[in-house]
Amino acid sequence: AAVTNLGALWTFGNGELGQLGHTDTDDRLWPTRVPCKHLGGARVSSVSTGQAHSAVVTEEGGLFVFGKCGQGQLGLDPATGGSGGG
């Protein structure tokens, strides 16, 4: 994952668990911009990624998390389907 100096988030790689933030489970072979609407229109200041999860912090201090949430690993109700934000 990469964040531009304008706060745009680009992700790529294995997306089978939704960890890329595109609201799907597709793999991305090339860096692909995550639409601002998936991040509440906010500019990103930092991103942290792992095998099954990603976390994004916005310039306003918001936190968005994506990926596997079978046992609540994202701090969300597992019934939400595994991706969420805000």
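How many salt bridges does the structure hold? The structure holds two. A salt bridge here is a side-chain nitrogen of Lys or Arg within 4 Å of a carboxyl oxygen of Asp or Glu. This is a predicted model, in which local features need pLDDT of at least 70, side-chain atom pairs count only at pLDDT 80 or more, and totals for chains, interfaces and linings use all residues. Residues are numbered from 1 along each chain as its sequence is written, and side-chain values use heavy atoms, with hydrogens and water left out.

**Salt bridges**

- R28 pairs with D24 at 3.0 Å, N to O.
- R28 is buried at 16% relative accessibility, while D24 is partly exposed at 25%. (Buried means under 20% relative accessible area, exposed over 50%, partly exposed in between, with a 1.4 Å probe and protein chains only.)
- R43 pairs with E59, and their closest N and O atoms lie 3.2 Å apart.
- This pair links distant parts of the chain, 16 residues apart: R43 is in the loop between β3 and β4 (44-49), and E59 is in the loop between β5 (53-58) and β6 (63-67). (Strands are DSSP runs of E, at least two residues, numbered from the N terminus.)
- R43 is partly exposed at 37%, and E59 is partly exposed at 44%.

**Around H22**

- H22 sits in the loop between β2 (9-13) and β3 (28-33).
- H22 has a relative accessible area of 6%, so it counts as buried.
- Beyond its neighbours within four places in sequence, H22 is in contact (heavy atoms within 4.5 Å) with residues including T11, R28 and H38.

Definitions and conventions:
Helix = DSSP H or I, 4+ residues; strand = E, 2+ residues; numbered from the N terminus.
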